Amino acid sequence: MMRRVFFIFALLLVVHTATASDERSIKNLAKALTALARDVDPAEAQALSATAHTKARSLKKEYRVFLNPEFTVFLYNIGMRKRGWCGHWAQDIGAELKELKCKTLVLHWGEAYPNTTSENNALVVTARNQPFQDGIILDGWRRAGRLFWCLVIKDDEYEAEQHYGHSGITMWRENMKWSAWLQEYQQESEQKPDTASASSVTR
(Lines give C-alpha, C1' and ligand atoms only; values in the text may rest on other atoms or scores of the structure.)
Protein backbone atom coordinates (compact mmCIF):
# COMPACT_ATOMS: atom_id res chain seq x y z
CA MET A 1 0.00 0.00 0.00
CA MET A 2 2.75 2.47 0.96
CA ARG A 3 4.63 1.58 -2.21
CA ARG A 4 1.59 2.44 -4.33
CA VAL A 5 1.12 5.76 -2.52
CA PHE A 6 4.80 6.55 -3.09
CA PHE A 7 4.54 5.93 -6.84
CA ILE A 8 1.37 8.01 -7.11
CA PHE A 9 3.10 10.85 -5.25
CA ALA A 10 6.18 10.53 -7.48
CA LEU A 11 4.00 10.64 -10.63
CA LEU A 12 2.16 13.74 -9.42
CA LEU A 13 5.50 15.38 -8.64
CA VAL A 14 6.79 14.67 -12.17
CA VAL A 15 3.59 16.04 -13.73
CA HIS A 16 3.76 19.18 -11.54
CA THR A 17 7.43 19.70 -12.41
CA ALA A 18 6.70 19.39 -16.15
CA THR A 19 3.82 21.86 -15.82
CA ALA A 20 5.95 24.31 -13.84
CA SER A 21 8.69 23.99 -16.45
CA ASP A 22 6.20 24.74 -19.21
CA GLU A 23 4.87 27.76 -17.31
CA ARG A 24 8.37 29.21 -17.02
CA SER A 25 9.07 28.49 -20.67
CA ILE A 26 5.77 30.07 -21.76
CA LYS A 27 6.59 33.22 -19.79
CA ASN A 28 10.16 33.40 -21.06
CA LEU A 29 9.21 32.79 -24.70
CA ALA A 30 6.55 35.51 -24.49
CA LYS A 31 9.20 37.91 -23.22
CA ALA A 32 11.62 36.91 -25.98
CA LEU A 33 8.94 37.39 -28.65
CA THR A 34 8.00 40.80 -27.25
CA ALA A 35 11.67 41.80 -27.33
CA LEU A 36 11.93 41.10 -31.09
CA ALA A 37 10.70 44.61 -31.89
CA ARG A 38 9.10 47.62 -30.22
CA ASP A 39 5.79 47.14 -32.00
CA VAL A 40 5.23 43.50 -30.92
CA ASP A 41 2.00 43.23 -28.92
CA PRO A 42 2.81 41.55 -25.55
CA ALA A 43 -0.65 39.98 -25.40
CA GLU A 44 -0.13 38.49 -28.86
CA ALA A 45 3.27 37.15 -27.80
CA GLN A 46 1.75 35.57 -24.69
CA ALA A 47 -1.05 33.93 -26.68
CA LEU A 48 1.37 32.56 -29.27
CA SER A 49 3.72 31.21 -26.61
CA ALA A 50 0.97 29.50 -24.61
CA THR A 51 -0.64 28.02 -27.73
CA ALA A 52 2.64 26.63 -29.09
CA HIS A 53 3.56 24.99 -25.78
CA THR A 54 0.09 23.53 -25.24
CA LYS A 55 -0.16 22.17 -28.78
CA ALA A 56 3.29 20.58 -28.60
CA ARG A 57 2.32 18.75 -25.41
CA SER A 58 -0.96 17.54 -26.91
CA LEU A 59 0.78 16.26 -30.04
CA LYS A 60 3.02 14.05 -27.93
CA LYS A 61 -0.13 12.19 -26.85
CA GLU A 62 -1.75 12.34 -30.29
CA TYR A 63 1.34 10.95 -32.04
CA ARG A 64 1.90 8.43 -29.22
CA VAL A 65 5.58 9.36 -28.98
CA PHE A 66 7.51 6.37 -27.70
CA LEU A 67 11.08 6.43 -26.33
CA ASN A 68 12.28 9.41 -28.37
CA PRO A 69 11.36 11.45 -31.48
CA GLU A 70 13.67 9.46 -33.78
CA PHE A 71 12.04 6.14 -32.84
CA THR A 72 8.59 7.61 -33.41
CA VAL A 73 9.75 8.68 -36.89
CA PHE A 74 10.94 5.11 -37.49
CA LEU A 75 7.47 3.85 -36.53
CA TYR A 76 5.96 6.41 -38.92
CA ASN A 77 8.27 5.31 -41.75
CA ILE A 78 7.28 1.65 -41.36
CA GLY A 79 3.58 2.50 -41.21
CA MET A 80 2.99 2.03 -37.47
CA ARG A 81 2.22 5.72 -36.89
CA LYS A 82 0.15 8.04 -39.05
CA ARG A 83 2.08 11.11 -37.99
CA GLY A 84 5.21 11.97 -36.04
CA TRP A 85 7.78 13.22 -38.55
CA CYS A 86 9.18 16.68 -37.75
CA GLY A 87 7.19 18.25 -40.59
CA HIS A 88 3.97 17.00 -39.02
CA TRP A 89 4.83 18.78 -35.77
CA ALA A 90 5.48 22.01 -37.68
CA GLN A 91 2.25 21.62 -39.68
CA ASP A 92 0.03 20.94 -36.70
CA ILE A 93 1.52 23.55 -34.38
CA GLY A 94 1.55 26.00 -37.29
CA ALA A 95 -2.13 25.38 -38.05
CA GLU A 96 -2.96 26.18 -34.43
CA LEU A 97 -0.87 29.35 -34.43
CA LYS A 98 -2.43 30.53 -37.70
CA GLU A 99 -5.79 30.64 -35.94
CA LEU A 100 -4.46 33.40 -33.69
CA LYS A 101 -4.23 35.66 -36.76
CA CYS A 102 -1.30 37.56 -35.31
CA LYS A 103 -0.75 41.10 -36.56
CA THR A 104 2.56 42.00 -34.93
CA LEU A 105 4.24 38.60 -35.25
CA VAL A 106 4.88 36.63 -38.44
CA LEU A 107 5.10 32.85 -38.85
CA HIS A 108 7.74 31.27 -41.09
CA TRP A 109 8.67 27.69 -41.97
CA GLY A 110 12.28 26.75 -41.33
CA GLU A 111 14.15 23.75 -42.65
CA ALA A 112 17.65 22.48 -41.95
CA TYR A 113 19.51 19.91 -44.04
CA PRO A 114 16.54 19.38 -46.42
CA ASN A 115 16.26 16.09 -48.31
CA THR A 116 18.76 14.32 -46.07
CA THR A 117 18.41 11.96 -43.12
CA SER A 118 19.33 14.90 -40.86
CA GLU A 119 16.47 17.08 -42.05
CA ASN A 120 14.48 19.02 -39.51
CA ASN A 121 11.50 21.30 -40.05
CA ALA A 122 10.26 23.81 -37.49
CA LEU A 123 8.50 27.13 -37.15
CA VAL A 124 10.24 30.48 -36.92
CA VAL A 125 8.54 33.58 -35.54
CA THR A 126 9.68 37.10 -36.37
CA ALA A 127 8.36 40.59 -35.86
CA ARG A 128 6.87 42.29 -38.93
CA ASN A 129 9.39 43.08 -41.66
CA GLN A 130 12.12 41.27 -39.73
CA PRO A 131 14.53 38.85 -41.48
CA PHE A 132 14.00 35.11 -40.98
CA GLN A 133 17.48 34.76 -39.45
CA ASP A 134 16.55 37.22 -36.67
CA GLY A 135 13.57 35.15 -35.57
CA ILE A 136 12.90 32.60 -32.84
CA ILE A 137 12.65 28.92 -33.69
CA LEU A 138 9.80 26.81 -32.27
CA ASP A 139 10.43 23.06 -32.45
CA GLY A 140 8.00 20.58 -30.90
CA TRP A 141 9.63 17.52 -32.46
CA ARG A 142 13.16 17.82 -31.08
CA ARG A 143 12.26 17.34 -27.40
CA ALA A 144 9.30 15.03 -28.02
CA GLY A 145 6.55 17.47 -27.08
CA ARG A 146 8.46 19.77 -24.74
CA LEU A 147 8.67 22.87 -26.89
CA PHE A 148 12.22 23.84 -27.78
CA TRP A 149 12.82 27.48 -28.66
CA CYS A 150 15.74 29.83 -29.16
CA LEU A 151 16.96 32.48 -31.57
CA VAL A 152 17.66 30.96 -34.98
CA ILE A 153 21.28 32.08 -34.86
CA LYS A 154 21.72 30.57 -31.38
CA ASP A 155 20.58 27.06 -32.34
CA ASP A 156 23.92 25.29 -32.02
CA GLU A 157 22.34 21.90 -32.75
CA TYR A 158 21.88 23.00 -36.35
CA GLU A 159 25.11 24.79 -37.17
CA ALA A 160 27.47 24.25 -40.07
CA GLU A 161 30.09 21.67 -39.18
CA GLN A 162 32.60 22.90 -36.65
CA HIS A 163 35.71 21.34 -35.16
CA TYR A 164 36.49 23.73 -32.30
CA GLY A 165 33.61 25.34 -30.44
CA HIS A 166 30.64 26.73 -32.34
CA SER A 167 30.77 27.90 -35.93
CA GLY A 168 27.90 30.36 -35.47
CA ILE A 169 26.73 29.56 -39.01
CA THR A 170 23.14 28.35 -38.92
CA MET A 171 21.85 25.69 -41.30
CA TRP A 172 18.28 26.94 -40.95
CA ARG A 173 16.76 28.33 -44.15
CA GLU A 174 13.27 29.51 -44.93
CA ASN A 175 10.99 27.32 -47.02
CA MET A 176 9.01 29.99 -48.85
CA LYS A 177 6.28 27.62 -50.04
CA TRP A 178 5.34 26.59 -46.53
CA SER A 179 5.84 30.08 -45.14
CA ALA A 180 3.22 31.24 -47.63
CA TRP A 181 0.82 28.64 -46.19
CA LEU A 182 1.51 29.84 -42.64
CA GLN A 183 0.90 33.45 -43.70
CA GLU A 184 -2.10 32.86 -45.94
CA TYR A 185 -4.52 34.53 -43.51
CA GLN A 186 -2.51 37.69 -44.15
CA GLN A 187 -2.38 37.16 -47.90
CA GLU A 188 -6.00 36.02 -48.31
CA SER A 189 -4.81 32.83 -49.98
CA GLU A 190 -6.35 29.43 -49.29
CA GLN A 191 -4.08 27.08 -51.20
CA LYS A 192 -2.03 24.72 -49.03
CA PRO A 193 1.02 22.89 -50.44
CA ASP A 194 0.49 19.19 -51.13
CA THR A 195 3.39 18.09 -48.92
CA ALA A 196 6.44 19.34 -47.11
CA SER A 197 9.78 19.12 -48.88
CA ALA A 198 10.98 15.73 -47.70
CA SER A 199 8.18 13.74 -46.11
CA SER A 200 9.91 10.48 -46.99
CA VAL A 201 13.18 11.15 -45.19
CA THR A 202 14.08 10.08 -41.68
CA ARG A 203 12.69 13.11 -39.89
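**Inside the model**

Author: Start with Leu138. Apart from neighbours within four places in sequence, Leu138 is in contact with Leu29, Leu48, Ala52, Leu97, Ala122, Leu123, Val125, Leu147, Phe148 and Trp149. Contact means heavy atoms within 4.5 Å.

Reader: What kind of model is this?
Author: A predicted one: local features need pLDDT of at least 70, side-chain atom pairs count only at pLDDT 80 or more, and totals for chains, interfaces and linings use all residues. Residues are numbered from 1 along each chain as its sequence is written, and side-chain values use heavy atoms, with hydrogens and water left out.

Reader: Back to the core. Which residues touch the most other members of the largest nonpolar core?
Author: Leu48 and Leu138, out of 44 residues. A nonpolar core is a set of buried Ala, Val, Leu, Ile, Met, Phe, Trp, Tyr and Cys residues joined through side-chain atoms within 4.5 Å. Buried means under 20% relative accessible area, exposed over 50%, partly exposed in between (1.4 Å probe, protein chains only).

Reader: And Val125, buried or exposed?
Author: Buried, with a relative accessible area of 0%. Val125 is in strand β2, residues 120–127. Strands (E, at least two residues) and helices (H or I, at least four) are DSSP runs, numbered from the N terminus.

Reader: What does Val125 touch?
Author: Beyond neighbours within four places in sequence, its contacts include Leu48, Val106 and Leu138. The C-alpha atoms of Val125 and Val106 are separated by 5.6 Å, though the two are 19 residues apart along the chain.

Reader: New topic. How many aromatic pairs are there?
Author: Seven, from a search of the whole structure. One of them is Tyr158 with Trp172, tilted, at 5.2 Å centre to centre and 50° between the planes. Tyr158 lies in the loop between β4 (148–151) and β5 (172–174) and Trp172 in strand β5, so the pair ties together parts 14 residues apart in sequence.

Reader: What counts as a pair?
Author: Rings of Phe, Tyr and Trp (its six-membered ring) with centres within 6.5 Å; planes under 30 degrees apart are stacked, over 60 edge-to-face, the rest tilted.

Reader: Which rings form a cluster?
Author: Phe66, Phe71 and Phe74, linked by ring pairs.

Reader: How accessible is Lys101?
Author: Partly exposed, at 48% relative accessibility.
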